[in-house]
Amino acid sequence: MGLDIRWPIGLMFSLIGVLLLIEGAIGGDKVLSLGININLIWGVVLLVFGVLMLLGAARGRKTPPSA
Amino acid sequence: MQPIHLAWVDYTILIAYVAFVLGIGWVLARYMKTSSDFLTSARSIPTWVTGLAFMAANLGALELVGMAASGAKYGIAQAHFYWVGAIPAMVFLAVFMMPFYYGSKARSVPEYLKMRFNEPVRALNALSFAVMTVFASGISMDALARLLTNLLPWKLDTNVFGINFGSYDIYLWICSGVVLLYVLKGGLTSAIYTEVLQFFMIVLGFAPVVYLGLRDAGGWHSVKNSLQGVATNPSAYYLQPAGIHYAPDAWTSVWKPVLGGPTANPLGVDWFAVVFGLGFVLSFGYWCTNFLVVQRAMAAKNMTAARNTPLVAAIPKMLFPLLVILPGMVAIALASMPSKDYRIPPPIVSQENYAKAIDVVKSSSPTDAAALKSVSDALGVKVSDTKVTQLIAANAANKLSDSQIQEGLYNSIAENDYNSVILSLLKKYCPPGLLGLALTALLASFMSGMAGNVTAFNTIWTYDLYQAYLVRNKSDAHYFWMGKCITVVGIVLSIFCAYVSKQYNNAMDIIQLVFGFVNAPIFATMLLGMFWKRATGVGAFLGLFAGIAGSTVFHAYTTTVSNVDADGHVINHMKGGYLGLVTQFPSEMAQNFWLAIFAFTICFLATVFISLATRRTKTDEQLKGLVYSLTPKTVDHNLPVWQRPPVIGTVLLIACVILNIIFW
């Protein structure tokens, strides 16, 4: 209805993904959980998810909505 | 639990979430033109969105916290709530009931009941649901405010106009305010969109925690082995009183412990109660008639979308035990591994009680037998005798500092606060960043719990109470305005209920009890209404009434074994048995499941007999589209096979059976 939900979802998770990436990159030792830099890895995953959502929304805008 | 330290990145994520939900509300506001747009989304939402919202509306934070708690307490058998309970109910709703809800063009469940039966049935359902949903909203917000108060390190006590406000109040009002804003602007669509957002946050926020927890515990096989030790000796981990032992697979097998009878599983249930009480009456009663979830399916674009909505929801629902129950199981497994230095958090003890207990420790000698009881009384919780004795001895040997004694006392508490399990896992495994995401996911689910309840409440009020009985035949603009007003009222009432919940824990138990009484028989009414054209309005009304009365009577004459003292007197009347004791159940869960079976049967039989004894008030023509035998079968031939609801439903049920077999 009016707003394709994939826009806010895509934006939100792209933003969180970037935030986690930054924290993972510059955080140093305190961001290691069990020795894994989970922020870095998960940040990338979330960013990919967010971008996929945005692509879906952009594509949805090209095809006119069905009646 | 000690407060968790949050970093800038965590706060940023939290603020971003709030900004996004408010933004969604603002953008949607311009599309809200009619009461139908605002209250029912005017049937415009795509299937995948309604499907995820259908599931997320039910996924309150109480479920997230509660399922982890139950995973620790009961193990994988808790998954019955999903695999025996929810999934079959959702498939049944999709294939058999949605055609009537959607095809009748009813705007709500009570409205369907009015079309099928009469006004009294509608009024009974609308009133009980309205009260129920406002209280549910309040309970959700109370839990959120308490969580934030315990979690965030700020002390926000202020004094305005002579009234003292604390952190709890500030958090409650701010969160309620945010929900009010985005629901007032964007209506049901806002609530649905934020529910979908919440769904992704929960999945993406909690999945890494489950992974890290499993990894730390050494993988699934290591967890399974540890849980064998837990199951054979649960009292060592404060799960059960001493002397109780279960088979080694009690925590990792869904069916074998249940088939072994109430004494063989920590839930205390038998298979009949699980299949018919939980699986049939309670689950079908909730998923098929509760307007909170059905409202999301009714918002779908068309009939096929409406029928597929519960099926789309069933797919993630089936896999959710791995996300929400598994962390609890991992937690108790970790607690049983001495090298991990982890225990299920003990209940919170106030600082004054700690101070009293510290004094007792200091003034006791290691040979003092009464000291153990004094420490336990001072703290207000059960303690481990060996650990307290060691602590007193250590203090007698060389004087320990107050904080060391307090730490020793903390480690000796022999009770578990299961509701803190998920938070303790977040604290243990989440670095800043991921922590923000997971906590925001929890916060999001509390808030969308309030939003979902308020959007269901405002629709029921506006259409089923206000328009039906109070002010009829006004313009749509009038009802649109009423919908907005009642949204504000609904939030205020929820806040009031939150304070009641905070003040009187018992009041909330009473409310939950009453909901159970009302929820159990309703499915019988719905079933007979949709599939038996001979069911009459009088029969339905009296049958429903009889069912609710039956629940109350059942509860008044039964209780649990643990609630009866040595002389045969009932200890806590809230748990039943206050009029007499006909039977005692092994556990509260068992009592609930049997109560449901009893209430359903009473309602079913009463409705049938009274319907046969009364005249039909509606002709076959009037009931067309409302009853199975009088409705043309939905044509699915123009859909590809894989999109047809009965086909998808069957596949889902088979998948469910496979899951049951894997964890047999």
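This is a predicted model: local features need pLDDT of at least 70, side-chain atom pairs count only at pLDDT 80 or more; totals for chains, interfaces and linings use all residues.

Reply: Residues are numbered from 1 along each chain as its sequence is written, and chains are lettered from A and ligands numbered from 1 in the order in which they are written.

Me: What makes residues of chain A and chain B count as being in contact, and how many are there?

Reply: Two residues are in contact if their C-beta atoms, placed from the backbone, lie within 7 Å. By that criterion 23 residues of chain A are in contact with 31 residues of chain B. The elements of chain A giving two or more residues to this side are helix H1 (6-26) and helix H2 (38-62), where helices are DSSP runs of H or I with at least four residues and strands are runs of E with at least two, numbered from the N terminus. The largest share, ten residues, comes from H1(A).

Me: How do the residues on the side of chain A that touches chain B divide by class?

Reply: They divide into 16 nonpolar, five polar and two charged, with Ala, Val, Leu, Ile, Met, Phe, Trp, Tyr, Cys and Pro counted as nonpolar, Asp, Glu, Lys and Arg as charged, and the others, Gly among them, as polar. Chain A itself has two helices and zero strands.

Me: Why is H3(B) called largely enclosed by the rest of the structure?

Reply: A residue is buried if 20 or more other C-beta atoms lie within 10 Å of its own, exposed if 12 or fewer, and partly exposed in between, with C-beta atoms placed from the backbone. Eleven of the twelve residues of H3(B) are buried, so the helix is largely enclosed. The buried residues of H3(B) pack against helix H8 (167-217), helix H12 (291-298), helix H13 (303-319) and helix H21 (434-470) of chain B. H24(B) is also described as largely enclosed, because 15 of its 21 residues are buried.

Me: How do you know whether Ser41(B) and Ala42(B) are buried or partly exposed?

Reply: Ser41(B) has 30 other C-beta atoms within 10 Å and is therefore buried, whereas Ala42(B), with 19 C-beta neighbours inside 10 Å, counts as partly exposed. Ser41(B) is found in the loop between helix H2 (35-40) and H3 of chain B, and Ala42(B) lies in the loop between H2 and H3 of chain B. Although it is not a glycine, Ser41(B) has a positive phi of about 60°; Ala42(B), not a glycine either, has a positive phi of about 50°.

Me: What makes H7(B) roughly antiparallel to H21(B)?

Reply: Axes are lines fitted to C-alpha atoms, for helices over the stretch in contact, and angles run from 0 to 180 degrees between N-to-C directions. The axes of helix H7 (119-151) of chain B and H21(B) come within 9 Å and cross at roughly 155°. Angles under 35 degrees count as roughly parallel, over 145 as roughly antiparallel, 65 to 115 as roughly perpendicular and the rest as oblique, so H7(B) is roughly antiparallel to H21(B). Their contact divides into 18 nonpolar, five polar and two charged residues.

Me: Why is H8(B) called roughly perpendicular to H20(B)?

Reply: H8(B) and helix H20 (421-429) of chain B pack at an angle of about 75°, with their axes 10 Å apart, and that angle makes H8(B) roughly perpendicular to H20(B). The contact is made by Val209(B), Leu212(B) and Gly213(B) of H8(B) and Leu425(B), Leu426(B) and Tyr429(B) of H20(B).
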